[in-house]
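Hi,

Here is the structure I promised to pass on.

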Amino acid sequence: MIFHVLTLFPDMIRDGFQTSITGRAVEKGLLSLDTVNIRDFSVNKHNRVDDYPYGGGAGMVMQAEPVYLAYQSVAEKLPKKPKVLYMSPQGKVFNQRMAEELAQEEELVFLCGHYEGIDERVLEEIVDEEVSIGDYVLTGGELPALVIMDAVSRLVGGVLHNEDSAEFDSFHDNLLEYPQYSRPEVWRDKAVPPILMSGHHANVEKWRREQSLIRTLERRPDLLENANLTKQDKKFLAKLKEV
Ligand code: ADE
């Protein structure tokens, strides 16, 4: 998977991405990061990439041409038009399903805006999807791009040590993850649930499934509508709802 990021702050993207698990995946050649500084494509002798909004109003707008040229510098090297995602609070709200779809692509281009936005004309020309990471407003698209890149990266084969771990994630099945425990067996008078010490694999799995159902019902009941529930799950949930 190759991520191309069009940004005014390439260091922020590189620093955020090239550490921890994603950084290791870059070193292993499973992921590749290509940052493109939009400012390198300024068409202004002062290296500016923004200007006042037509019609007046607060703030500055990123101009179309530097963004377009930055995009073209990526697209001209590729055999087909890559998918371009524009980070924007006006976009479709990102979720695990979108991460799964994006993980199927070979190349993704992230366009990060700053100031009050980007000239609409270049967005119409190059953007395939506007994506938001939630209903709040950030100072720029770099953190949203990093969030999405992280969520997509861990679904790329080989990035996680244990191939199973993405499968049992919260949201994978529209259920939240069960609680986890590690050593010591008793920590400050709090013991690990005894069933986890029983060595009985089937009972452990049943308990974990039930914990997932309990958590999802308590914290995110909206997810249950789209969850893949077995007959047994439904019976368990019905019982929970009775109490
Ligand atoms: N840019 C500013 N806020 C954003 C958000 N919530 N999601 C995506 N891009 C943004």
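First, a term: on a 1 Å grid over the protein atoms alone, a pocket is an open set of points with protein on both sides within 12 Å along at least five of seven lines, a cavity is a set where a 1.4 Å probe fits but cannot get out, and lining residues have an atom within 4 Å of a point. Volumes are the space filled by probe spheres set on the points, with points joined across faces, edges and corners.

This is a predicted model, so local features need pLDDT of at least 70 and side-chain atom pairs pLDDT 80 or more, while totals for chains, interfaces and linings use all residues. Residues are numbered from 1 along each chain as its sequence is written, and side-chain values use heavy atoms, leaving out hydrogens and water.

The second largest pocket has a volume of about 310 Å³. Its lining is Asn95, Gln96, Arg97, Glu100, Phe171, His172, Asn174, Arg220, Asp222, Leu223 and Asn226. Domain 1 (2–153) and domain 2 (170–242) each give at least three residues to that lining; the domain bounds come from an automatic or database assignment. By class the lining has two nonpolar, five polar and four charged residues (nonpolar: Ala, Val, Leu, Ile, Met, Phe, Trp, Tyr, Cys and Pro; charged: Asp, Glu, Lys and Arg; polar: the others, Gly among them).

The largest pocket holds about 460 Å³. Of its 25 lining residues, Tyr86, Met87, Ser88, Pro89 and Gly117 are the closest to the centre. Strand S5 (83–93), helix H5 (120–126) and strand S7 (129–132) give two or more residues each, and S5 gives the most, with five. (Helices, H or I of at least four residues, and strands, E of at least two, are DSSP runs numbered from the N terminus.)

Cheers
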